[in-house]
Amino acid sequence: AAYRAATARQDVTPDAWNNLGLVLERMGATEDAIAAFEAALRQAPDFLMASANLAALLIDQGHLEAAIRASQLALSHGPANVPAQINFGVALLEQGRHGEAERAFAAALAVAPNNTDAGDNALYLQHYMLNDPAAVIAAHAAWGSRRAAALTPAAPHSPKKTERLRIGYV
């Protein structure tokens, strides 16, 4: 109700439309959510979050061509837009356009090398592209090592003997 009221105002912002779209999507009002995301993009064509939300919803609904168009529009405003590259890759993957999907995921990983969505989708794609189980296993192991290295702190904190251990209860 609050977002409906916000979008009924004369000075409505694209954020209000985008947030209304997210709420409507959660409520299962898919067509209304799509319309809200599109309203946000009419106001601000370079609103990358709204275009990513629209493309993801279109993919979920099986509207792959529309999702590809939405992703391409987002990429025309920001070619380094990782969510748009991922959505683009997923839509292409769902269409069986594996080589193009692989390039989209690689572009996302070039910008954000440790992005788990891009990496996980690229690995999922390998199951379709590689006919060699050992190569698939190697790709998964390499990604796991890369993620572990990114998540491991460089120097773990070791308290001095004089430091008191402080414990907080919530």
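A residue is termed buried when its relative accessible area is under 20%, exposed when that area is over 50%, and partly exposed in between. The structure described here is a predicted model, and the terms are applied below to individual residues.

A pair of aromatic rings is described by the distance of the centres and the angle of the planes. The count of aromatic pairs comes to 1. This pair is formed by Y124 and Y128, with 5.3 Å from centre to centre and 80 degrees between the planes. The arrangement is edge-to-face, because the angle between the planes is over 60 degrees.

The packing of two helices was examined next. Helix α5 comprises residues 64-77 and helix α6 residues 82-94; their axes lie 9 Å apart and form an angle of about 155 degrees. Since angles over 145 degrees count as roughly antiparallel, α5 is roughly antiparallel to α6. The crossing of α5 past α6 is left-handed. On the side of α5, the contact is made by L64, A67, I68, S71, Q72, A74 and L75. These residues meet A84, Q85, N87, F88, A91, L92 and E94 of α6.

N53 is located in helix α4, which spans residues 48-60. With a relative accessible area of 13%, N53 is buried, because this value is under 20%. When neighbours within four places in sequence are left aside, the contacts of N53 are with N18, L22 and F37. G28, by contrast, is found in the loop between α2 (14-27) and α3 (30-43). The relative accessible area of G28 is 54%, and this residue is therefore exposed, the limit being over 50%. In sequence, G28 is 36 residues away from L64, and the C-alpha atoms of the two residues are 19 Å apart in space. L64 is also one of the α5 residues in the contact with α6.

Technical notes
Residues numbered from 1 in each chain as written. Predicted model: local features only at pLDDT ≥ 70, side-chain atom pairs only at ≥ 80, totals over all residues. Heavy atoms only, no water. Axes fitted to C-alpha atoms, helices over the stretch in contact; angles between N-to-C directions. Helix = DSSP H or I, 4+ residues; strand = E, 2+ residues; numbered from the N terminus. Parallel < 35°, antiparallel > 145°, perpendicular 65-115°, else oblique. Left-handed = near helix turned anticlockwise from the far one by under 90°. Contact = heavy atoms within 4.5 Å. Phe/Tyr/Trp six-rings, centres within 6.5 Å; stacked < 30°, edge-to-face > 60°. Buried < 20%, exposed > 50% of the residue type's maximum accessible area, 1.4 Å probe, protein only.
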